[in-house]
Amino acid sequence: TIGQNEDLPGQTYYISAWTYSHDVSGTINLCVYQDTPCPVPPSNDECNVSTTILVNQSGGCPAGGSTFTTKDATPSSGFTAACDASTNQRDVFFTFNTDIYVDIKITFAKLTATNLKAQVYFDCNGGELYCWNPADGSAKTIAGLNPKANAIQRVCSDAVDQGTFTVSLAVAL
């Protein structure tokens with residue numbers, strides 16, 4: 001029983017369960033809502049299920065300018081940010097490949113998110129390369145990346161600052 005002696009006959013209850021992590025054992029999160037569905041974390045809520053963003057070639061418009069969100073994202077363990085010591089960040093993850101280039105330009109645009117932070121990592125095991133707080137609308141250059149390698153982009157916000165944003169990648173000229 002969900003709520004002992006509190007359930008209403010004929011009432012619809014929505015239950016959502018999600019794991020602590022996709023590849024680590026631990027506790028699960030359980031959400032029960034009455035009348036409205038449970039909030040569902042974004043599909044790229046964990047590093048190992050990151051969304052792929054393409055890097056646009058030089059001279060073109062930045063690629064990956066789609067709208068993403070940290071709304072309903074859950075905090076991921078194991079990621080620390082040199083530019084932000086706060087904990088309990090709502091984070092989402094992206095993967096991009098450098099192709100033959102070693103310098104990439106990244107641009108963040110806040111939409112409904114009020115405070116974005118971002119980091120670039122070697123992989124899901126860590127190894128922070130860059131950190132921005134805030135991750136605002138100005139273009140940032142990620143220099144000296146390994147050619148033909150994948151990198152992980154983490155974008156996060158505090159629970160009160162969660163919302164939508166865009167991230168765009170292009171080859172730095």
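This text walks through the fold of one protein and then some of its aromatic rings. The model is predicted, so local features need pLDDT of at least 70 and side-chain atom pairs pLDDT 80 or more, while totals for chains, interfaces and linings use all residues. Residues are numbered from 1 along each chain as its sequence is written, and side-chain values use heavy atoms, without hydrogens or water.

Start with the fold. The protein has eleven strands and zero helices. Both are DSSP runs numbered from the N terminus: strands (E) need at least two residues, helices (H or I) at least four. Of the 173 residues, 36% count as buried. Buried means under 20% relative accessible area, exposed means over 50%, and partly exposed lies in between (1.4 Å probe, protein chains only). Contacts are heavy atoms within 4.5 Å. Among contacts between residues at least 6 apart in sequence, 71% join residues at least 24 apart.

Now turn to the rings. The structure holds seven aromatic pairs. Rings of Phe, Tyr and Trp (its six-membered ring) pair if their centres lie within 6.5 Å; planes under 30 degrees apart are stacked, over 60 edge-to-face, and the rest tilted.

Take phenylalanine 108 and tryptophan 132. Their ring centres are 5.8 Å apart and their planes stand at 55 degrees, so this pair is tilted. Phenylalanine 108 lies in strand S6 (residues 104–110) and tryptophan 132 in strand S8 (residues 126–132), so the pair ties together parts 24 residues apart in sequence. Phenylalanine 108 is buried at 0% relative accessibility. Tryptophan 132 is buried too, at 11%.

Tryptophan 132 also pairs with tyrosine 130: the centres are 5.9 Å apart and the planes at 10 degrees, so that pair is stacked. Tyrosine 130 is partly exposed, at 24%. Elsewhere, Phe68, Phe94 and Phe165 form one aromatic cluster.
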